[in-house]
Amino acid sequence: MTERTQHDDAAPGSPDPKKVHTFDLIDEVPGVSAGTAGPDDAGDEPASEPDPEEAAPREPGRVARAVTAVRGAVGRTARRGAAAVRRRVPATRRGRVLLVGGVAAAVVLVVVAGALLDAQLRHRDLIAAPGGVRSLAERPAEQWSVDLDNPIASTLVEMPGVLAVIGDGTVQGVDPESGAVRWTVDVGEGARCGPTPWLGIGGPATTMPADPLVCVTTSEGGQADVTVVDADGAVTTRELDPGTIVLPGSDGALIRLQLAGDGHGPEPVVVDKVGTPHLPKGFTAPDLTVRVEDAVTGTERWSATVASGRPDPNYCLTYHQEVDDDSPTPVLDVEGVLNANLQQGILEIEGCGVSAAFLLDGTRLDDPDDATDLTDATAAGQFTALPGGGWVGPDPAGGPVDETGRPSQVVHLPDGRTVPLDGRVLVPWATDGRDPGLLLVRAGVHTEAVSTDERDAGSRLWTSSPRLRATDLIASVRGTAVVVDELGPVRAVDLGTGAVRWTLDPEVLGFEEGVWDAASTIFGAYTDGDVLLLPVTADPQGGASGLRMVAVDLRDGSVRWEIEQETPYTQIVSVDGYLAQITQHGVVGLG
């Protein structure tokens, strides 16, 4: 739902607004003048007799008679309505007071019902958003637990209304509220199920629930199987043809990568006197076919060919360590270096002479004519899906770069419009499920708000003061943006005006001086619309393990509560508004 964010006096950190509703009482029926009466009204006087001396009027035509008849009917209807209203108005003062009170009560009920409906819709949007939690008002306690043989190697994946616990060769479907195990499915040891979020690092939580869950298992002999699990535990399994690289996708998709030609196994390369490896003379990297198919049926959804360019040896070699050799030996390994990663709604592929980025509907994001644009260190990983749809990527026309050397970006909105920027978008880690109608952009050292509304898309709405240098957008909730400043503090900003509402001291989250990589300290963000929960490392310097869960009040930046855990960060997810966490013993539900 798109709603242009204005300054919100009722948003966290501001007093509640006082709204006055006024109504005009209608004393008359519009179009009926006082004193106009007809034969249907009580007390009408009889019409006067016509003067026989006067000349007879000309007989009206059919059109005039029809118009007169219509006017008469309208007038009679209006007079009857007015009479009906007058008959129903109480004659006594007490009756009129009761009537006015009843009308006022009805108006209040309508307003209250509208407010309740809006609150229900906001709650629904919040729960459906990544990181949405039902309530964080009080310190959560363990509500249920499920023991796991190897919890640290297990993974949690959100499914519609189900928490999927993947590990030890099985997938367990757990009720996120009660912890009851609804079903268990065998998928084999080493199964890759997903897509799964990045673990051990924070960032935009744009991975949608797996519906259904796709798992790929490869046996020691190289045989690959795909198992598809629905939210109710129904299972479909089929064997896959050999010779392709496969990985699970979202929305029941299976991703296949196929190198052109044969014989892509490891082969030796020449190493010169200074130890620099060289590709074989005349070597040409193979093209790559990307195919996305229905994981259950194998039906192709789309496919594309990624043409190879001039290969960079750094992206073509692997190193083998022999038992009796002191140093690893470089080998040409085209298949071994091929890597595909599906994160934040973007499929990125890198390999020997090939690179590409796709949306899962087949839209190619990078420049097909530039096979090295993703392997360039200044561009890798800059394609990101937006929570409300659309995506952002590097500006093909270049433009200014920030302090890290990354170029400006272009926003591709869901309706097909594009908006070039003077910087890079700050994609929120958590939202309340509502589209504020704008994006925050890091432009140089400043933070700007750029409109995405169709009326003025691309226009600058405000620019922050020089003291706000946002590097990460932790949350966008009810007109408030919570950002990490490069100097260390966490600040809440009014999305409508850019004004700073409150500042959280850097020491609260363990920041000492400045911070450029908040994702290595803050592992995620969760909100109920009033409180922001941040799991942070107990020791940002890495000297000790442990996890702190810090709950910040979005109204004033105060710390509501805090939980300290000896276990390091493993994984925390929100499923249907309920929090679940992997610990050293298994998975627990928090509430």
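Visitor: Which cysteine forms a disulfide with C193, and how far apart are their sulfur atoms?

Guide: Let's start with the general idea. A disulfide is a covalent bond between the sulfur atoms of two cysteines. Here a pair is counted as one when the two cysteine sulfur atoms lie within 2.5 Å. In this structure C193 pairs with C215, and their sulfur atoms are 2.0 Å apart.

Visitor: What should I know about the model itself?

Guide: It is a predicted model, where local features need pLDDT of at least 70 and side-chain atom pairs count only at pLDDT 80 or more, while totals for chains, interfaces and linings use all residues. Residues are numbered from 1 along each chain as its sequence is written, and side-chain values use heavy atoms, leaving out hydrogens and water.

Visitor: How many disulfides does the rule give?

Guide: The count is two disulfides. The other one joins C316 to C352, with an S to S distance of 2.0 Å. If you number the bonded cysteines in sequence order, the pairing reads 1-2, 3-4.

Visitor: Which parts of the chain does the pair of C193 and C215 tie together?

Guide: For this we need strands, which are DSSP runs of E with at least two residues, numbered from the N terminus. C193 sits in strand 6 (residues 192-194) and C215 in strand 7 (residues 213-218), so the bond ties together parts 22 residues apart in sequence.

Visitor: And where do C316 and C352 lie?

Guide: Both are in loops: C316 in the one between strand 16 (300-306) and strand 17 (317-320), C352 in the one between strand 20 (346-350) and strand 21 (355-359). This pair therefore ties together parts that are 36 residues apart in sequence.

Visitor: What is the handedness of each link?

Guide: The link of C193 and C215 is right-handed, with 115° about the S-S bond. The link of C316 and C352 is right-handed too, with 85°.

Visitor: Is C215 buried or exposed?

Guide: Buried means under 20% relative accessible area, exposed means over 50%, and partly exposed is in between (1.4 Å probe, protein chains only). C215 is buried at 0%, and C193 is buried at 9%. In the other pair, C316 is buried at 0% and C352 is buried at 3%.

Visitor: Which residues does D186 touch?

Guide: Contact means heavy atoms within 4.5 Å. Leaving aside residues up to four places away in sequence, D186 touches G169 and T170. D186 belongs to strand 5 (residues 181-186) and is exposed, at 65% relative accessible area. D186 and G169 are 17 residues apart in sequence, yet 6.1 Å apart in space, C-alpha to C-alpha.

Technical notes
Helix = DSSP H or I, 4+ residues; strand = E, 2+ residues; numbered from the N terminus.
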